[in-house]
Amino acid sequence: MSDANQYGYRSFQLGGFRFTRDEYFAHIAWPGGSHTMPVDAFLRALMRDVSWNFFYGIVNFDAVFGTTNHYGTVDVFAGLYNAGYREKNKQYVENLNGDEVRNRFAEILADWTNEGFDPFAAPAETGTPFGPKRGSNPAAINRKRLVATRMTGMKDDIALRSDAAGNPVNRQFLDVPQDEPEVHAEPGFENEVHAFNFFAYVSRSDVTWNPSVCSAVKDSQVCATTEEFMLPIIHGNDRVEWFVQLSDEIHWDIQDRDTGAPRARAVMKAGDVAAMPADIRHQGYSPKRSMLLVWENGDPTLPEKYASGKLKPNPVDF
């Protein structure tokens, strides 16, 4: 970490990578190469990489820079999954301790996120990240990802959202009914039988493109998320993900995971179900704030099974 530059921002070193920013752009340099990204796109991607603890598989910030999660260590790369870089043997990658990477990324977020800018919010709901440094926004960048151990709203689990808890209904979900189901459990089973209004819970989310685990049975995780504008990363899968579109629509660009070659384009509308295979990368665009249910399989053995060919990348053959 260096002293602040003329714009008030510090620069940061991570292995052979150096990160600097000016009023508009994030600049990434490594031995033999460099890359520039708009700083708003960089911070939105960085926010999710930190919050998700590098997520499942590959978090591409764009077509050049990103991370690959090895669940303990992390590859930080430039051009590793870019056909042009690979063709010229210009890719660069370092495998680093996951805690080291996350801590350094968190330091960049803290220094580069200006007062009033929330990297988790939709563009219409936040301030600007541009210009010289002015203050900070620790409340936004230090949010804890919501992860239910059994189910949202159960005893000793994450609470339901409400006005009283500081979770108002989002401006684009004001028509979503907020009534909760009645649960009549037999005596002795009050903590075993549970239900909640999933749509109401999602309608009160103050973040976008950030799946929160609402229920979990062993490795099976049902995640709720609201989507507006565009997914700030290009997610490269190391397992199959299932998507259920609950409202409105999302447009998905789907590419080969390793090369970025186009594979498909899908428009999902309310009621549509899709499986994202284990050998693709995807990025979504939501014209209006929408609700998406994501089903994740957290089995830690899956990446090796898919990589070795023990499992096919697609879940269903028609």
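Q: Why are α1 and α3 called oblique to each other?
A: In this predicted model, α1 and α3 pack at an angle of about 140 degrees, with their axes 10 Å apart. Angles over 145 degrees count as roughly antiparallel and those from 65 to 115 as roughly perpendicular, while the rest, once the roughly parallel angles under 35 are set aside, count as oblique; the pair α1 and α3 is therefore oblique. The crossing in which α1 passes α3 is left-handed.

Q: What makes the contact between α1 and α3, and which classes of residue does it have?
A: From α1 the contact takes Phe-42, Leu-43, Leu-46, Met-47, Asp-49 and Val-50, and from α3 it takes Arg-102, Phe-105, Ala-106, Ile-108, Leu-109 and Trp-112. By class, the contact has 10 nonpolar residues, two charged residues and no polar ones.

Q: Why are β1 and β4 said to stand at the edges of the sheet?
A: The sheet is open and has four strands in the order β1-β2-β3-β4, paired in antiparallel fashion. Because β1 (12-14) and β4 (33-38) each have a single partner strand, one side of each is left without a neighbour in the sheet. From one strand to the next, the twist averages 20 degrees.

Q: How do you know that β3 and β4 count as paired strands?
A: Pairing needs at least two bridges between the strands, and β3 (residues 25-30) is joined to β4 by six bridges, the two strands running antiparallel. In one of these pairings, Ala-29 has Ser-34 of β4 as its bridge partner.

Q: Why is Met-230 counted as partly exposed, and where is it placed?
A: Met-230 lies in strand β10 (residues 220-230). Buried means under 20% relative accessible area and exposed means over 50%, so Met-230, at 28% relative accessibility, counts as partly exposed.

Q: Which residues does Met-230 touch, leaving aside those up to four places away in sequence?
A: Met-230 touches Trp-209, Gln-283, Gly-284 and Tyr-285. As for Thr-208, which is 22 residues apart from Met-230 along the chain, the C-alpha atoms of the two are separated by 9.1 Å.

Definitions and conventions:
Residues are numbered from 1 along each chain as its sequence is written. This is a predicted model: local features need pLDDT of at least 70, side-chain atom pairs count only at pLDDT 80 or more; totals for chains, interfaces and linings use all residues. Side-chain values use heavy atoms; hydrogens and water are left out. Axes are lines fitted to C-alpha atoms, for helices over the stretch in contact, and angles run from 0 to 180 degrees between N-to-C directions. A crossing is left-handed if the near helix is turned anticlockwise from the far one by less than a right angle, and right-handed if clockwise. Contact means heavy atoms within 4.5 Å. Ala, Val, Leu, Ile, Met, Phe, Trp, Tyr, Cys and Pro count as nonpolar, Asp, Glu, Lys and Arg as charged, and the others, Gly among them, as polar. Buried means under 20% relative accessible area, exposed over 50%, partly exposed in between (1.4 Å probe, protein chains only).
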